[in-house]
Amino acid sequence: MNIIETKNISYHYPDGTQALDKVNFQVEEGKIVALLGPNGAGKSTLFLHFNGILKPSSGCIFIDGTEIKYDKKNLISIRQKIGIVFQNPDDQLFAPTVMEDVAFGPMNIGLPLEEVELRVKEALKKVSMEGVEKKPPHHLSGGEKKKVAIAGILAMQPKIMVLDEPTSGLDPKGASQIMGLLYELNREGMTIIISTHDVDMVPLYASNMYIISKGKIIKEGSPQEVFKDVKTIREANLRLPRIAHLMEILEKKDELPFSKPYPLTIGEARKKIKEEFK
Ligand SMILES: Nc1ncnc2c1ncn2[C@@H]1O[C@H](COP(=O)(O)OP(=O)(O)O)[C@@H](O)[C@H]1O
Ligand SMILES: [Mg+2]
């Protein structure tokens with residue numbers, strides 16, 4: 001069952017820029033789906049449609065089988081179902097303390113104070129940020145801010161979490177902590193949608209992926225299916241995962257017996273190399 005489905009959505013910004021061109025994007029419940037695309041491709045614009053922050057110029061969007069309507073009541077209910085973590089935590093965190101920030105959403109929908117406190121506690125625990133409740137968010141590191149922003153969304157207990165370039169600007173450890181957390185949330189049943197231009201990361205986590213370029217979806221499928229189409233990948237100003245590129249070089253330049261489909265992750269490559277040289 002598709003928990004999110006866009007049908008032919010196009011979007012023009014008020015200045016006339018066409019940022020989306022007839023986008024069909026589907027997410028099955030319970031999956032991790034990646035939206036891969038270079039800068040300016042339309043990733044953030046698409047994501048802002050998922051909870052009604054932007055309204056398509058044409059086309060429509062279905063959440064859980066129901067078309068998004070843009071009246072206040074509907075938007076409130078959609079925003080409880082879908083949480084968006086913006087690329088820049090400074091666009092998300094604005095309360096004087098971490099605790100108030102994470103509590104903002106639950107307070108806003110009028111939950112009782114005990115319930116709010118419980119949710120804040122659980123959300124901060126989930127992202128391993130207990131003990132910073134009293135700190136101002138702007139004193140935190142990039143990775144910590146990202147975790148607090150995620151906690152703020154978790155406290156709303158959404159079914160779907162949408163993250164716009166969740167690892168950009170983080171160091172490798174911070175990035176893998178965030179991805180580990182998303183993986184765990186997904187195992188517990190949350191549907192996760194991630195935008196990124198990090199081609200190495202996508203095959204590690206995503207069961208399904210889309211490539212967006214100049215506002216258009218130009219390819220979709222499993223990472224294995226998508227990365228087979230090297231030409232389209234390169235035309236979109238992207239590249240193969242490094243590990244696949246290495247295997248391509250070993251095959252083409254060194255005539256070693258590796259052939260397509262090239263492995264996309266270290267785990268897959270290790271298996272293939274061991275089989276070949278056993
Ligand atoms: N507020 C805006 N007004 C006009 N054009 C915009 C605005 N925001 C983004 N754009 C343009 O829309 C296109 C898609 O941008 P965006 O969705 O931010 O891409 P991405 O997130 O993939 O980097 C780009 O050409 C960008 O310049
Ligand atoms: Mg963006």
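Two strands count as paired if DSSP finds at least two bridges between them. Keep that in mind for this predicted model.

**Stop 1: the sheet.** Select strand β1, residues 2-12, together with β2. They pair in the antiparallel sense over seven bridges. Now pick out threonine 6. Phenylalanine 25 in β2 stands opposite threonine 6.

**Stop 2: the ligand.** Select ligand 1 and show what surrounds it. The shell holds Tyr13, Asp15, Thr17 and Ala19, then Gly37, Asn39, Gly40, Ala41, Gly42, Lys43, Ser44 and Thr45. Which element gives the most to this shell? Helix α1 does, with three residues. By class, the shell around ligand 1 has seven polar, three nonpolar and two charged residues.

**Stop 3: a helix pair.** Select α3 (residues 98-108) and α5 (residues 142-154). Their axes come within 7 Å and cross at roughly 35°. The crossing of α3 and α5 is right-handed. Show side chains at the contact. From α3, take Val98, Asp101, Val102, Phe104 and Gly105. From α5, take Val148, Ala151 and Gly152. Five residues of this contact are nonpolar, two are polar and one is charged.

Note on methods:
Residues numbered from 1 in each chain as written. Chains lettered and ligands numbered in written order. Predicted model: local features only at pLDDT ≥ 70, side-chain atom pairs only at ≥ 80, totals over all residues. Axes fitted to C-alpha atoms, helices over the stretch in contact; angles between N-to-C directions. Helix = DSSP H or I, 4+ residues; strand = E, 2+ residues; numbered from the N terminus. Left-handed = near helix turned anticlockwise from the far one by under 90°. Contact = placed C-beta atoms within 7 Å. Nonpolar A, V, L, I, M, F, W, Y, C, P; charged D, E, K, R; others polar. Near = placed C-beta within 6 Å.
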